[in-house]
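Colleague: Could you take a close look at the disulfide for me, and show me what surrounds it in the overall fold?

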Amino acid sequence: MSKRRWRLWVALAGVPVVAAAGVYGLKSWDEWRARTAERMGAPVVVARFTAPDARTWELVAQHQWMRMAHPHDHLCLDVVPPGFTAGAMGNCGFDPRLPMSDYWAANALAPVTPSAPPPHRAPVYYWGPTPDDVVKVRLSGTGLPAYDVPTKPLPTGHGIAPGRYFLADVDPTGRISGYSVAGGRYWTVRWLDAAGRPVPFRPF
């Protein structure tokens with residue numbers, strides 16, 4: 001057998017091996033990408049509080065790392081029942097540039113049955129992270145009560161982004177039906193420094 005034919009035979013014989021290795025490599029790569037597409041840090045309790053309906057809640061922070069076209073980190077900050085231990089939370093990535101996101105979160109804390117204590121409706125809270133130079137957050141809206149809410153430091157460690165946070169009960173009397181009121185009006189949120197000047201937006 002000539003050297004030329006021998007080389008051709010060896011090359012053809014190696015095609016299935018290379019193809020099989022390629023398929024296995026792609027499968028392993030896809031599995032690795034799926035495993036590393038999202039990583040969640042350990043949840044950290046930022047604050048524990050009792051709502052007006054006497055139920056206890058926790059504001060929990062968590063680090064989220066997303067591997068996408070442009071890998072990036074997010075802060076998750078959510079109000080959850082006590083005992084939350086793992087898993088992605090509902091409010092991750094405080095960044096208006098992201099779909100369905102903003103730089104604060106708001107929610108009525110779970111459905112309330114008629115047998116629940118007064119005010120017989122779900123308490124409404126606003127919360128979110130802020131930069132270190134934000135001393136207070138101003139919540140206001142047409143026909144809605146206005147609040148100046150002081151910020152507090154976020155806990156350190158577990159990959160939690162440095163900064164501060166606010167947590168506000170915007171319906172302490174239970175007179176406002178939900179956080180979206182008649183006509184679609186909501187509270188707006190403004191970051192203010194020690195002199196009362198607006199602080200520019202920064203994503204978390």
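Modeller: Happy to! This is a predicted model, in which local features need pLDDT of at least 70, side-chain atom pairs count only at pLDDT 80 or more, and totals for chains, interfaces and linings use all residues. Residues are numbered from 1 along each chain as its sequence is written, and side-chain values use heavy atoms, with hydrogens and water left out.

Searching the whole structure turns up one disulfide (a pair of cysteine sulfur atoms within 2.5 Å). Its partners are C76 and C92, with an S to S distance of 2.0 Å. C76 sits in strand β4, while C92 lies in the loop between β4 and β5 (105–108), so the pair links distant parts of the chain, 16 residues apart; strands (E, at least two residues) and helices (H or I, at least four) are DSSP runs, numbered from the N terminus. The torsion about the S-S bond is about 110°, so this disulfide is right-handed. C76 counts as buried because its relative accessibility is 0%; buried means under 20% relative accessible area, exposed over 50%, and partly exposed in between (1.4 Å probe, protein chains only).

Now for the wider setting. Of its 204 residues, 34% are buried.
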